[in-house]
Amino acid sequence: MEEPRIGVYVCNCGTNIAKVVDCDAVAEFAAKLPGVVVARSYKYMCSNPGQEMIVQDIEEQSLERVVVAACSPRMHEQTFRRALETAGLNPYLFEMANIREQCSWVHDDGAIATEKAQALVHAAVNRVARHEPLERMSVDMCPNTLVIGGGIAGMTAALELADAGKRVYLVEKQDHLGGNIARVDLTAPYLDSARDILTYLVTRVLEHDNIEVMTESRVERLDGFVGNFKATLGSLANAADGNAAVDVGSVIVCTGYKEFDAARITHYGYGKLPNVITSFELERMLRQGRIETKEGRPPQFVAIVHCVGSRSEEYHSYCSRVCCMTALKYAHEVKSALPKSYVSDVYVDMHAFGKGCEDFYRQSSEVKTLFLMYGRGEHPVIRKADPGDECGMLIEVNELLSGETVEIPADLVILMVGMEPREDVDDVAHLVSISTDKDGWFIESHPKLDPVATTTDGIFIAGACQAPKDIPDTVAQARAAAARILARIARGKLVVDAVYAEVDEDRCSGCRVCNELCPYVAIEYDETKRRSHIISALCKACGACVAACPSGAIKARHFTDEQIFAEIEGVLE
Amino acid sequence: MTFEPKIVGFLCNWCSYTGADLAGTSRIKYRPNVRVIRVMCSARIDPTFVIKALAEGADGVLICGCHPGDCHYTEGNYKTMRRYPLLKRLLADYGIDDERVRLEWVSASEGKRFADIVDDMTERLCELGPSLVKSALATDAVER
Amino acid sequence: MALRINPKLIDELEVYGAEDVSKCYHCGNCSAVCVHSSDPYVFPRRSMRNLQMGLEDKLKGGLEPWLCYYCGECSEQCPREAEPGETMMSLRRWLTSRYDWTGISRLFYRSWRWEVGAILLVGFLTALGFLLFGFSQGSITHYNGSNAFLPSSKIHVFDWTLAMLLLAVLLSNAARMWWYTVGRDRSVKVPMKSYITKAYLLPAHFITQMRYAKCARKTPWLTHLVLMLSYLTMLVLIMFFLSKMASGPKIDWYVHIFGYLATVGLVVGSVLFLRNRLRKSSAQYTHSHESDWLFLVLLLVVTLTGISQSILHHSGVDVAANIMYVVHLSVVVPMLALEVPFGKWSHLAYRPLAMYFADVRAEGLTRREPASVPSEGLRAA
Amino acid sequence: MRIGVYICQVGSALADEAALEAVAHYAANLPQVESVRPLGSLPTIDPDALAEEIAAARLDAIVIAGDSPGFFKPAFTRAMALADADPEQVRLASFREHGGVTQDSSERAKSILACAVYGVPFPLAAVPKETRTNAATLVIGAGISGIQTALEIADAGKRVYLVERTGTIGGHMAMFDKTFPTLDCAACILTPKMVSVGQHEMIDLLTYSEVEAITGSPGAYKATVLRNARRVDEESCVACGICSDVCPVSVPSEFDAGIATRKAIYIPFPQAVPAAYLVDESACTYVQSNGKKCGACAKKCPKDCIDLDAHGDVLQIEIGNVVVATGYDVLDAHRIEQYGYGTHPNVLTALEFERLTNASGPTGGRIVLKTKRLNKRKKAEEWVFDPEGPSPRSVAIIHCVGSRDANFNAYCSRVCCMYSLKFAHLVKEKLPDATCYEFYIDMRAFGKGYDEFFQRIKAEGTFVMRGRSGTITEHDGQMIVRGEDIISDKMMEFPVDMVLLAVGLVPAARSDQLAWMLGIPRDEAGWFAEADYNADPTGTERGGVYVAGMCQAPKDIPDTVAQASAVAARVLKTIVTGKGVDSLESLSLEDIETRAKSLATV
C-alpha cells in the first residue's frame, strides 16, 4: 500500500495539554511515523490560525490525511473536519487523538503521559492512513413537526412553527391541553394570571389551521430518521379508533414533569396529618377562595416547607428551580386572602435568581413572612400540637440563622413538592431514541451551547422534561427548538452523516443473522437476490451487525475492521 | 523497572467514552495504562479485536458500554453481554487468564467509576504479571 | 428542648420602633461592620433574628442591645434597609419596659399620649405642691434667706427623698435585668470573684463611655459624653451643693464654674441632638421615637428653665425667680420621677450595668463548643 | 353579568390622579360594569369587608386593575367565595404585564382593562397588523447570545448583519477560563462558534462598529452603522504581530480586565475573530499628534496593511428585524468602599480573576499575588502580576458584591454564586495547600448540575460560610477579612492574601441610548423590558425588535443560548412568511376594544 501523506498537529490547548504532556516531543515522535510529512505543535489548534495552519499545509504540502492530537473528538472533530473541507480534502480523512480528556487531564506524570500521548498519536496515524473519503448524503426535510406534550412548552413550540406556516401535530395524553400550568392560578414573581396565559395559548392552538391537536393520544411508534420520520399515533380514549400515521421531519419532546410524591417522606406526615398539603393542593384552595384546614377554619398559622424531595441525597439531589418563587407566591397569596394569618417559610437557600425575583423576595419579607432556614439534608419534623397550644401542628426544625432548635406553630403546612421526571420517560426516551440522565431528565446535546437538541438528530427537547425550569425559560427553550427546526425547513434539505454500515453483496451469504439484530429496522432482506441490504439513511452506525456477520460481509464505514486493527497496533507499539 | 501493564480499552462512543472524557473534565486521576479505542457501540466489538489486542502485546483488554437499558442503540449492549461469555470461554481454552479481559458498564456521568475501573484493573494485571500471548505467538511462529 | 416560635412578637415590637426588622435576610453585614460585635456577643443580626422569630426569653436575656451605641454604620450599609441600628434601639426600649416591674414603662413606650399626660399631671401636681408648700412657709418675694419661698435646705431634703425612691425603683429593675440576663441562664456560672474584680467597669463605662469611643465616628460619642457629663455634673451639684448654688453673692467659685460649664454642655448637647434628629443627618437620627423627642425636649426645657431661674435670681427679681423655680421644678420632677426609672433616662443605668454584666457573664460562660469549620480554617490561614 | 371593577393605585401608570380618574371613568362606561372603585394603596385589604360589598352589590365578576393586581387576587377570590359568588370570576387587568406602566400609557391601561372586562386575554385581543418584512436581520452585540442568534438565522440561509462595538466577537464568555458546573473551558466551546461566524457566508460581521441610528418601521428598519476606523485592513492582516512589537504605547488590556497591558495597535486576544489587529486611536501617538509623531507600526508592517490616517465609515443597511444582544458590564467595584478595591492591591474583581487564572492570561494561569515593581518609564512603584510571584496562601471570595443590596443593585445577578464556586474550585485545583473561603448570603445553585457542584466544592475543602463579609482592612500589609459566620454562630476575623469580589452585573454602557433609539422601555434597573415576562420573554414593545441574553436580565450561558435561539425562531418566522407584526402601540384603544368584544361574544 502506498503511504498517504499525513499531517500531524499536536495542540497545547493553552497549558491544558502542554502542562503535562511534552507536546513538542509528541510532534517529534509523530514526524518519524510512516507517512507523516508534517508534524507540528501549536498553542490552540481550534483557533482560526490553528485551523488555517492545517489548511495551508494541506495546500502547500499536499497532505492527504490529517491527525490532530488535542481534546476529545466530541469537542472539535467537526471543527477540524470543516477545516479539511475548506482545504478541499474529504472531511473523513481525518482522525483525532484525545490527549487532553484522556491523557493530560487524568495523569500527573509528564513522562508517562507523553508516552501515552505518543501511543495515541501513533494509533491515529495508523488509522488515518486507512481512512477512505466518504460522502455525506442529503435527504429531504419534511416540513411537518410532531410535538409530544401539550403543556406550555408544547403549545409554544407548536404555535411558533404553525405561525411560520408549517404543519404541526400536537399529541397530548390527557383530554385537555395545558399540562401543569392548568393547575396553577397565578405566576411568580409578578402574580400574573396563569389562566390568561393558558387561555391565550389554548385558544390560539385550537384555532390554528396549521396545528392538528390530538388529545388523549400517544405516539405508538416513530420510524424513519431526521427529516423523514413516520409517527404512528394511537388514541388512548378509544382503541377502536385505530392508529394514524403522519409524516414529520422533526420531533419536539415537551413531556414536562410530575410533582414529587410527598407521602414518600414520612417525617412530614403527608397523608396522615390532614392539614399537611402539597403545593398543588393549596393551588386548588386558592382558586376556590377557601384556604381552610380540614376542620373548615381559616388557619392562623401557615407554614411553607421548601425542598420537599429536592436537594436531598435520599430523594433527588437536584434543585427543582421553581419552588422557591412559588413558595413566596403562596406566602403573598395566603397573606392576601387571610390578612390576619402568620406565614412561616421554611427554606434551605432562597433561590430568587430570576428577573424580578429578588424584589419579590424582599416584598415577601415586607409583608412579614417569617423566613426560617434549615440545612440541606436535614429533616424538619411535623407533629400534632399539644392540646393547650393555639395551633394545630408544630414543625420541629434546626433553624440555622438562629442556631436554635425551634418549633414552628402551624395550622396548615404546605409542602413545596419538587419536580421529577414523568413515570413514562423511559418509554418516551426509547420511542424517540434519546437518553436520560441519572435523575431521569432527557439529556441535551450540549448543556451550554445546544440545550434543546439531543444526540439523536431531528429530536428536540424543550421545557421541564430536560430539567426543572420556570415559565419564561420554558418558553425560551420551546422557541429555541422551533428555531432549529424552522432553519432546517428553510434550507429544505438535510445532510446526513456519512458513517453507516453497508453490505458487500458478494460476500453476503443471506443468512439473515443481521436482520433481527438491527434496532432501527434498517436491514432489509432482498428475497430475489437472497441478500441482505442496509438502508443507509436509517442506519445509525452502531455496528452490531458488523460484529455479528459470520461472513464478514458488512462493513462499518469509518469503523472498519482494518482501521480498528491498525489502531490496536498503534496503541501497542 | 516495575511492570506497567498495557491495557487496550474499547469504549462505546455514547456512554463510556463520554464517561472517560468526564473523568478528564473533572480531573479525576487514574493510572495511565489504558489506551482507549473508540467504537460507536460496544456491540461493534468483534471478538477478533480482543484477540488481536492480546496478540499485539496487550496485557489486558477492557470493554466498556452503556449500562444495560441505557444503550444509545437501544439494545447493543445486551448483544455484547451475550457475546462476552462466549469470548471468555474461548480465551479460557487458549489458557488466557480470565481476568485479562473485562466487560464493564460506564455511563456518561460516571467519570469516577471509569477511573476506578482502570485503577483496579491495572492493579490486578500487575499482580498477574505480563501477558505471554505475544511472546508465545512469536515462539510459535519460530517453531513452525 | 425546642424553643417555640412566636410570630406575633414582631407586631408588638412595632410600636417600640422596630418597623423594618422583617426585611432582614440575614446576610450578616451588620455584625461584620460593627466594631462591638465579637464573641460571645454577636449582634445586631442575632438580636434581629430573635426578634423575627419571637424568641421572647432569648431577647429578654440578651445584653446585646445595650452594647450597641447606634453609630448607624450597620443601618447605612444594610442591603435590605432593615435598620439594624434602629432595631437595637427599639429593643432597648422594649427591654426597659420588660425590666420595669411596675408596668409604667410599658405603658409609656406603647403610648406617648399616656406618657405626656402623666408628665403633665405630675408637673401640675408638683407645681401645685410647691406653691402650697412655698406659701405655707415663706414669702414669694424672697428667694433666699430664712423667709425664702423655696428654701434650699428643704428642697435638698425633697431631692434626696426623690432620689432614694428612684434609686430603689431603678435598683429593683436592675435586679430584674440581672436575673433575666445572667441569673437565670443555666449555661452561665459566674464566680463571685468576677463580680468584684469587674466592678470597676461600672463607673468606668459610666463616666468615660469608652465603648462608644470605639465606634468609627467619634463626634456622636463626644456629643453624647459632653451631654452626659454635664448632666452628671449638674446632678452632683444639685445633690451635694444645692445650698451653695443658691447662697447668693458669696458663692464658691468652683461650684459656679462647674455649674456654668454643665449648663453650656446641656444646652449645646441637647440642641445638637435635636438638630440632628430634625435634619435626620445620619442613619441613627432618621428614626425618632416619641420617647427620643421627649427626652431631648425635657432636657432642654429643664435646662432653659434652670437658666431663666438663675438669671432672674441674679437680676434680683425674686418673685419671678421663685415662679420660675416652681416652673423649673414642675418640669424637673416629672422628668426625674417618670423618665429616669421608666423612660429613656434609665439607659444611664442599664447601659453601664449591661457592660458590667456582659463581661461578668462572659467569664462565667461554660466554654462554648468551637465551631469546627472556621476554626480549622483559621489555623490553616 | 354584574362586574365590579377595582383599581389599585399602587404603581406608576396611574400615579397621576387625573389619569386614574380617566381610566375609572372609562371603565364605568364598559358594558356590564356595575361599579368602579379605587382600592387605595394599602397592600392588604380585608376580604370580609369586601365580601359584604360584593354581596350587597350582587356582583358576579370582579376585575382588579393595576400594576400588579395579582397581589390582591386571593383576597378577592376569598371574598367571592364568602359572598357565595363564583370565585373563579376574578379577572386581572395587569398594566405592568402588558406594558401599561409608562407615564403616558393610560390608553394602554384602558385597553388592558377592557380586555379583562370582556374576559379576553390581552394578547389575544391586542394583535397588531401584519407588516411586510425585509429578510435581513440586524444583531447588535456579538457575545455568545448575539453569536448564537446570528448563527441560527444564518444557518437557515438568511442574511445577518452582526454589529459589535469592540474589535472582536466573543464578548465576555471569551474571557472566561472554565464554565460552571461542567468546568469545560469556555474557549473550547466558544471558539468553534466564533470561527463559524467568521466564516459564515450569510453573516456580515461588522466589528469595531456601532449602531448610530435606527429609523423606519417594523419589518422595514433602516440602520446607520458607524464603522470606526480600525486603521488595519481586516482582510489582509495576518496577525503576525510585528506592528504591536514596535508600538511604544502600552495601555491596560480590556480583554485582560486591566490586569495586563496591550499596545495601542493590538489584537484583543489570539483567537479573536476577525483575526486582525486594530488601532486604539485614543492611545495611538500618531493619531493623537495628528500624524506628527511615531507611525512606527505602519512602516514596519510587512503586508502594508496599516493606514493610520484611515477614517471611519458610515454604512446604511436595510433590515426587517433587530435583535438586541448587548450583554452587560460589571459593577464598578470602587463604589463599594468597604471592600477596599483599588486600595488593597490584592482585592480583585471576578473578571480580573478570570483572566488571572486563565491559561491564556498574563500569568499563564498561575494564581499569584500582585507584587510591587518599579515602573522605570513612570519612575513610580506599581503593583503588577508577576508570573513568578508568590501564590496566595489564603483566598476569600465574597459573594453579592453590589447585588441584592438596596444601596447598589437590588436584584440578584444570578451567575455570581456559581462562578464564585468555580473560583474556589480553581484555587483549590491550582493551589491545593491554599485555604479558600466563600462568604455568601444564599447559595443560588439552581440549574442542572449546579447543586451537585456546590456539594462537590464543599467536599474539596473550601470553607463555605453563610454571612456577607462586612469589611476588609489591612494591618502591616496583611489583609484582614471580618464577617459573621452565621451558621456556626461566630464572628470571624482572619488574615487573607487575596480577596475576590463577586461583583454584580449592570446593563451595558449606552443601553439607555439604544433603548431610546429603538423605542423600547427598560426596567428600573436599566435592563431592557421584555414584552411579557412569562409568555414573551424575548419580544419587546416594538414590532420586529427583540432582546436576547443578559441585556434583558442576568442569566447564565445555557439560558442565554436558549433565549438567543428563541429570538431566532421569532425572526425566522417573520422571514419565512415574509410577514412580521407591527408594534403594539400601533393599535388604538378602539381596535383592541372591538376585537375583545368580538372575541367575547364567540
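A residue counts as buried when its relative accessible area is under 20%. By that rule D:Cys436, with a relative accessible area of 0%, is buried. The model described here is predicted.

**Cysteines**

No disulfides are found over all chains; the count is zero. B:Cys64 takes part in none, and the nearest cysteine sulfur to it, that of B:Cys12, lies 8.5 Å away. B:Cys64 has 0% relative accessibility and therefore counts as buried. D:Cys436 is likewise in no disulfide, the nearest cysteine sulfur being that of D:Cys417, at 14 Å.

**Strands and sheets**

In chain D, four strands form an open sheet in the order S2-S1-S3-S4, with parallel pairing. Its edge strands are S2 (33-40) and S4 (90-94) of chain D, each of which pairs on one side only. On average, neighbouring strands of this sheet are turned by 20 degrees against each other, direction ignored. Within this chain, strand S3 (residues 61-66) runs parallel to S4(D) and is joined to it by five bridges. One pairing sets D:Ile64 against its bridge partner D:Leu92 in S4(D).

In chain B, strand S2 (residues 34-39) is mostly covered, six of its six residues being buried. B:Val34, B:Val36 and B:Arg38 point one way from S2(B), while B:Arg35, B:Ile37 and B:Val39 point the other way. Strand S1 (residues 7-12) of chain B runs parallel to S2(B), with six bridges between them. B:Leu11 stands opposite B:Arg38 in S2(B).

Strand S19 (residues 370-373) of chain A has both faces covered: A:Leu370 and A:Leu372 on one side, and A:Phe371 and A:Met373 on the other, are all buried. Four bridges connect S19(A) with strand S18 (residues 342-347) of chain A, and the two run parallel. Here A:Tyr347 has A:Met373 in S19(A) as its bridge partner.

**Salt bridges**

Over all chains, the whole structure contains 115 salt bridges.

| Pair | N to O distance |
|---|---|
| A:Arg311 and A:Asp349 | 3.1 Å |
| A:Lys329 and A:Glu333 | 3.8 Å |
| A:Asp473 and D:Arg414 | 3.4 Å |

A:Arg311 lies in the loop between strand S17 (301-308) and helix H9 (323-337) of chain A, and A:Asp349 in the loop between S18 and helix H10 (357-366) of chain A, so this pair ties together parts that are 38 residues apart in sequence. A:Arg311 is buried at 3% relative accessibility, and A:Asp349 is buried with a relative accessible area of 5%.

A:Lys329 and A:Glu333 both belong to helix H9 of chain A and are four residues apart, about one turn of the helix. Both residues are buried.

The salt bridge between A:Asp473 and D:Arg414 crosses between chains, from helix H12 (residues 471-491) of chain A to the loop between strand S23 (394-401) and helix H12 (416-430) of chain D. Both A:Asp473 and D:Arg414 are buried. Salt bridges with shared partners also join A:Glu160, A:Asp163, A:Arg204, A:Arg479, D:Asp536, D:Arg570 and D:Lys573 into one network.

**A surface patch and a loop**

C:Leu121, C:Phe124, C:Leu125, C:Leu128 and C:Leu132 make a nonpolar surface patch of about 520 Å². C:Leu121 is placed in helix H9 (residues 112-137) of chain C and is exposed, with a relative accessible area of 51%.

D:Pro128 sits in the loop between helix H5 (122-125) and strand S5 (130-132) of chain D, and is buried with a relative accessible area of 14%. D:Pro128 and D:Gly543 are 415 residues apart along the chain, and their C-alpha atoms are separated by 8.6 Å.

Note on methods: Residues numbered from 1 in each chain as written. Chains lettered and ligands numbered in written order. Predicted model: local features only at pLDDT ≥ 70, side-chain atom pairs only at ≥ 80, totals over all residues. Heavy atoms only, no water. Disulfide = S-S within 2.5 Å. Buried < 20%, exposed > 50% of the residue type's maximum accessible area, 1.4 Å probe, protein only. Patch = residues over 30% accessible without salt bridge, like charges linked within 9 Å, V, L, I, M, F, W, Y side chains within 5 Å. Areas by Shrake-Rupley, 256 points an atom, 1.4 Å probe, with all protein chains shown as cover. Salt bridge = Lys/Arg side-chain N within 4 Å of Asp/Glu carboxyl O. Pairing = 2+ DSSP bridges. Axes fitted to C-alpha atoms, helices over the stretch in contact; angles between N-to-C directions.
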